[in-house]
Amino acid sequence: MPRSRCPRPALPVLRWLPRYSRAWLPLDLLAGLAVGLTAVPQALAYAELAGLPLQYGLYSSFMGCFVYCLLGTAKDVTLGPTAIMSLLVSSYTFHQPGYAVLLAFLSGCIQLAMGLLRLGLLLDFISCPVIKGFTSAASITISFNQVKNILGLQEIPRQFFLQVYETLRRIGETRAGDAVLGLSCLAALAGLRAMKSRLPQAAPTEPLAVRISYLIVWITATARNALVVLFAGLVAYSFQVLGSQPFRLTGSIPQGLPAFQPPRFSLAAPNGTVPFHSMVQDMGVGLAVVPLMGLLETVAIAKAFGVANVLGSFVSSFPITGSFGRTAVNAQSGVCTPAGGLVTGALVLLSLAYLTSLFYYIPKAALAAVIISAVVPMFDAGIFRTLWRVKRLDLVPLCVTFLLCFWEVQYGIVAGVLVSGVLLLYSIARPPIKVSEGSVLLVQLGSSLHFPAVEHLRDTVCSRALAAASPAGSVVLDCSHVSSIDYTAVLGLAELLQELRRHGLSLAFCGLQDPVLQVLLSAGLEGFQHFPSWEEAELRAAELGGSRAEPLTSTAESTGLIQ
């Protein structure tokens, strides 16, 4: 008897923890440390981007690590704040922590529901051009948003076009210290990134000194964010000791771990209390955009993301998602299991408990350089050239999304999805139809037949069949590419049969797939004829001299023809 298979554990951690090997431990520790050194400075930077106090970036960076260790299925993925999510949080939470934490809770609930109900198909309607247009526009928006910190400018509006205007108008107020430090950090980050991408792999047969040198260079390049921020902080502290400060600093960050408490469902305001329903109305379409964008590339683990956001809201986290940059660091570090996230989460907690007093001296220009360095690779200039070569019509949703996202993020995404939907519906309403004239008029459908396309098919067939100088006696409709048909399309075909019969022409079908054939037979179309191939239909028409062949009225007869 065949052996029965053991049931798969419901909790993902139980799939790898019982077989955990001690050989994996050093690799998981190294990967967790490398990701942590990247996550801490990015957390501070992304909180600044979201318009929230910097401690909220750290509050958002540890719960996802612990939750994903229990519920994650892909060993490389890391959860935490990202540039895109921070931009969305900035757009929908009015720079108020209460709104941001509530948005994390509600987004987690929506993501959890999508995972349990298997609603990932909703994301299938967001096409690649829309995603590329959004991420490319977000890259420019986020980068320019940080120019003010690079130049040391204050009180610059957050709306993109106003930012551009005010930054250019006040560029003469640039602080030299911030500009020099910010550009130096950008150059250092770019150089370390390039060095890592060109670093050759050290073979195990290489001398020990070579392998150690490779490891030192790799760690330096991987932890470049932490090293650059540390260097900038030391420079700022040195100036502070000397009695001058040419940089704008991040300032005080509260020390200690956040309290574990549910998110607030109402907020105190100067003129009263903002109730829950008013907060939901204020966030508006953000309650759809944020959870959907959070799952865009990782819908397969929607439940883990949902739980991470729900539990994260209990420690004052704003919405988080999978980070591509930190995931890449995790993979390159050789992580073996999701346990590497435990090290990353622990490092963030240690930073909150003991290092926040040191974060006071981090210049804002250094954090701006970290953000710009992280988002510049998101701009995909090659997608425009690729779509021009592959399918130029896809440039329409790409450009619509790209341009409108500079106005408002939600308008760009919604408009791009609508344009993609219109193009999709147009392809359904106007399927490719090829008409060949000979002894019979052969009409070949290139895709399935649905009700928006029926009128187009009728007009095409009638115009060609009736306008011919020597009209053929038969019209053959090749349906070999038609895999589905609806009731309205059946009614349209019945009307087409009647109209052609009034003009002395017959209509025969060929190549019908079995589901479509059964539908047409069930409809009982008068004068319905079907042949396995158009060659047989043409031969039958020639035998009958172009007259209408005997209709096939029974299922058995039609089945015999198919065989």
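User: Is the crossing of H2 and H17 right-handed or left-handed?

Analyst: The crossing of H2 and H17 is right-handed. Keep in mind that this is a predicted model.

User: At what angle do the axes cross, and within what distance do they come?

Analyst: The H2 and H17 axes cross at roughly 40°. They come within 7 Å. That angle is why H2 counts as oblique to H17.

User: Which residues meet there?

Analyst: From H2, the list includes Asp28, Leu29, Gly32, Leu33 and Val35. Gly36, Leu37, Ala39 and Val40 in H2 are also among them. On the H17 side you have Gly340, Val343, Thr344, Leu347, Val348 and Ser351.

User: And how do the residues of that contact divide into nonpolar, polar and charged?

Analyst: The contact of H2 with H17 has 9 nonpolar residues, 5 polar and 1 charged.

User: New topic. How many cavities of 30 Å³ or more does a search of the whole structure find?

Analyst: The search finds 4. The largest cavity holds about 90 Å³ of space.

User: Which residues are closest to the centre of that largest one?

Analyst: Val77, Thr78, Asn330, Pro338 and Gly341 are closest to its centre. They belong to a lining of 16 residues.

User: Which helices each supply at least two residues of that lining?

Analyst: Helix H2 (25–50), helix H4 (63–71) and helix H17 (340–355) do. So H2 and H17 come up again here.

User: How does the lining divide into nonpolar, polar and charged?

Analyst: The lining of the largest cavity has 7 nonpolar residues, 8 polar and 1 charged.

Note on methods
Residues numbered from 1 in each chain as written. Predicted model: local features only at pLDDT ≥ 70, side-chain atom pairs only at ≥ 80, totals over all residues. Heavy atoms only, no water. 1 Å grid on protein atoms, 1.4 Å probe; cavity = no way out; pocket = protein on both sides within 12 Å on 5 of 7 lines; lining within 4 Å. Points joined across faces, edges and corners; volume = space filled by probe spheres on them. Helix = DSSP H or I, 4+ residues; strand = E, 2+ residues; numbered from the N terminus. Nonpolar A, V, L, I, M, F, W, Y, C, P; charged D, E, K, R; others polar. Axes fitted to C-alpha atoms, helices over the stretch in contact; angles between N-to-C directions. Parallel < 35°, antiparallel > 145°, perpendicular 65-115°, else oblique. Left-handed = near helix turned anticlockwise from the far one by under 90°. Contact = heavy atoms within 4.5 Å.
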